[in-house]
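Colleague: I am new to reading structures. Could you walk me through a few features of this one?

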Amino acid sequence: MNNDPVMLITGASSGIGEATARAAQKAGYRLVLSARSEDRLKQLQTELGGSERVMIARCDVQSMDDQQAMVDNAMATFGQIDAVFVNAGRGGEPGGFSGADHDVWKDMILTNIYGAGLTVQCCLPALRKSRGHLLLTGSAAGRVTIPGSMYSATKWAVSAIGYGVREELRGSGIRVTLVEPGMVDTPFFDESPANALKPDDIARAVMYAVAQPAHVDVNEILVRPTPPVE
């Protein structure tokens, strides 16, 4: 019987999700990887140990049916979920509140907030059984006021989800960590931003949190790039 822990990651096909999947695999985790793009997930499954170690799920986080199927299949495949990284998200909103495309707003809000809530709701029964670890990708943008940014507003909401679910779960044995990156060089951007963190930097923060003993609950990790030398 395989007792290796299982980590479920949404938004796992690129960026922070992919980097965390690789770091978790090196740390001995079996993986449940989900994203909208199944082709990239299949490549990762092959690279990270095949179907015995990695389950993949094409999942639109805005769909309760997709999310519940992902969790049900994970439990049927591995019998447990020990850590959940609620990572799926999107940006992209030129124009600010005055001129942004409202359809972009709708998709972003449903992905970043509603989708995160659905992942939490679907995964909590499994985490209660394992007394596991729930991690959410917030943002430094969820700690400050950014003019005209609905993206920032969604990340304020993710922070509120993290705080709220931690209080709901108090006494359950489940740990809750809010991971808040500053600027990260991911497929979010058409051009690589200057002076940005790398996805691996955030993956290390995630793995730091999950590596702590059960009595240590790392509530928040705010990670920003070091300012450039003047």
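Modeller: Gladly! We start with a term: a residue counts as buried when its relative accessible area is under 20%. Keep in mind that this is a predicted model.

Colleague: Is Trp105 buried or exposed?

Modeller: Trp105 has a relative accessible area of 17%, so it is buried. Phe97, at 48%, is partly exposed.

Colleague: How do I read a pair of aromatic rings?

Modeller: A ring pair is described by the distance of the centres and the angle of the planes. This structure holds 1 aromatic pair. The ring centres of Phe97 and Trp105 are 5.5 Å apart and the planes meet at 55°, so the pair is tilted.

Colleague: And what about nonpolar cores?

Modeller: In soluble globular proteins, nonpolar side chains tend to be buried together. Here the largest nonpolar core has 31 residues, and Leu8, Val32, Val84, Leu134 and Leu136 have the most contacts inside it. Helix H5 gives the largest share of this core, 7 residues. Apart from this core lies another, of 30 residues, including Ile56 and Val218.

Colleague: Which residues is Val84 in contact with, leaving aside its neighbours within four places in sequence?

Modeller: Those are Leu8, Thr119, Cys123, Leu127, His133, Leu134 and Leu135.

Colleague: Why is strand S3 largely enclosed by the rest of the structure?

Modeller: Look at residues 54-58: 4 of the 5 are buried, so strand S3 is largely enclosed. Strand S2 (residues 30-35) runs parallel to S3, joined by 5 bridges.

How values were computed: Residues are numbered from 1 along each chain as its sequence is written. This is a predicted model: local features need pLDDT of at least 70, side-chain atom pairs count only at pLDDT 80 or more; totals for chains, interfaces and linings use all residues. Side-chain values use heavy atoms; hydrogens and water are left out. Buried means under 20% relative accessible area, exposed over 50%, partly exposed in between (1.4 Å probe, protein chains only). Helices (H or I, at least four residues) and strands (E, at least two) are DSSP runs, numbered from the N terminus. Two strands pair if DSSP finds at least two bridges between them. A nonpolar core is a set of buried Ala, Val, Leu, Ile, Met, Phe, Trp, Tyr and Cys residues joined through side-chain atoms within 4.5 Å. Contact means heavy atoms within 4.5 Å. Rings of Phe, Tyr and Trp (its six-membered ring) pair if their centres lie within 6.5 Å; planes under 30 degrees apart count as stacked, over 60 as edge-to-face and the rest as tilted.
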